[in-house]
Amino acid sequence: MKLGFIGTGNMASAIMGGVIKKGIVTPEDIIGADLYAPGRERVKEQFKIEVTADNKEAVRKADVIFLSVKPQFYEDVICGIKEEVRPEQIIITIAPGKTLAWLRDQFGKDVKLVRCMPNTPALVGEGMTAACPNEWISDEDLDTVKGILESFSCVEIVPERLMDTVTAVSGSSPAFVFMFIEAMADSAVCCGMPRKQAYKFAAQAVLGSAKMVMETGKHPGELKDMVCSPAGTTIGGVRVLEQMGFRSAVFEAVKEAEEISRSL
């Protein structure tokens with residue numbers, strides 16, 4: 001299986017690194033196309049893959065093609081490659097707001113499409129990806145796609161109507177989590193802790209807490225209650241967060257991201 005990438009930015013790099021590390025393909029089985037020379041030279045040096053400035057060359061040589069350019073470039077990129085796309089090839093997209101129907105219209109023909117939404121933790125092999133196939137993707141095709149995506153993330157197959165929600169709850173939310181970590185660390189610094197140490201304590205607390213949710217299967221509220229001793233430090237902090245509208249702010253942030261995704 002040969003993988004082609006049109007665009008060699010951060011998300012493409014995360015996917016390349018994941019599939020090579022997991023042994024799904026070798027570097028010789030990957031070709032990356034990018035008009036930006038420093039970008040393609042970076043992945044060539046990092047992963048020892050073939051690179052090109054010609055999108056059509058990547059399409060001609062690949063079995064599975066990732067469209068990993070920014071959403072605003074999709075129309076022009078697809079226009080430039082659509083005549084090269086073969087019926088057996090699988091096209092994987094990672095752009096918010098670009099529906100399967102819109103993509104099909106751009107190609108102007110029936111194409112095997114899987115719309116995906118990964119997130120930036122894919123860069124460290126801990127991503128979360130939603131995938132939505134069109135009607136031309138067979139079960140075997142979908143297994144192939146899932147195998148690729150699982151090299152750098154957890155994967156869930158979702159109906160397309162939920163893709164904007166996915167964009168908000170996992171695509172945008174790492175930024176919210178980073179803000180939370182930064183705020184906790186700032187407070188620890190205010191209390192006298194060195195900044196580097198403060199970031200480590202705050203980040204590890206978030207990492208461990210997330211792992212507890214994933215591995216115990218317990219409701220987050222139940223896990224929260226386990227930490228809150230009567231009249232203790234934690235319940236005092238929880239009281240302040242509730243008083244300041246913490247949960248409401250998170251709720252509204254995710255909803256805003258979802259609504260913007262729908263408007264793209």
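Author: Let's start with Leu241, which sits in helix 10, residues 233–243. Helices here are DSSP runs of H or I with at least four residues, strands are runs of E with at least two, and both are numbered from the N terminus. Leu241 counts as partly exposed because its relative accessibility is 38%; buried means under 20% relative accessible area, exposed means over 50%, and partly exposed is in between, with a 1.4 Å probe and protein chains only.

Before we go on, a word on the model: it is predicted, so local features need pLDDT of at least 70 and side-chain atom pairs count only at pLDDT 80 or more, while totals for chains, interfaces and linings use all residues. Residues are numbered from 1 along each chain as its sequence is written, and side-chain values use heavy atoms, with hydrogens and water left out.

Together with Phe180, Met184, Phe246 and Val250, Leu241 forms a nonpolar patch on the surface, with about 380 Å² of accessible area together. The areas come from the Shrake-Rupley method with a 1.4 Å probe, and for residues only the protein chains shown count as cover. Helix 7 (163–190) and helix 11 (246–263) are the elements that give two or more residues to the patch.

Helix 7 also holds Thr167. Is Thr167 buried or exposed? Thr167 is buried, because its relative accessible area is 10%. Setting aside neighbours within four places in sequence, Thr167 is in contact (heavy atoms within 4.5 Å) with Pro96, Met117, Ser172 and Ser261.

For another view, find Asn10 in helix 1, residues 10–21. Asn10 counts as exposed, because its relative accessibility is 55%. From Asn10 to Ile148 there are 138 residues in sequence and 16 Å in space, C-alpha to C-alpha.

Finally, step back to the whole protein. Its secondary structure comes to 11 helices and eight strands, and 39% of its 264 residues count as buried. The C-alpha atoms fill a box of roughly 65 × 40 × 30 Å along the principal axes. The protein exposes about 14800 Å², with carbon and sulfur atoms supplying 59% of it.

Key: Patches are made of residues with over 30% relative accessible area and no salt bridge: like charges are joined within 9 Å, nonpolar side chains (Val, Leu, Ile, Met, Phe, Trp, Tyr) within 5 Å. A salt bridge is a side-chain nitrogen of Lys or Arg within 4 Å of a carboxyl oxygen of Asp or Glu.
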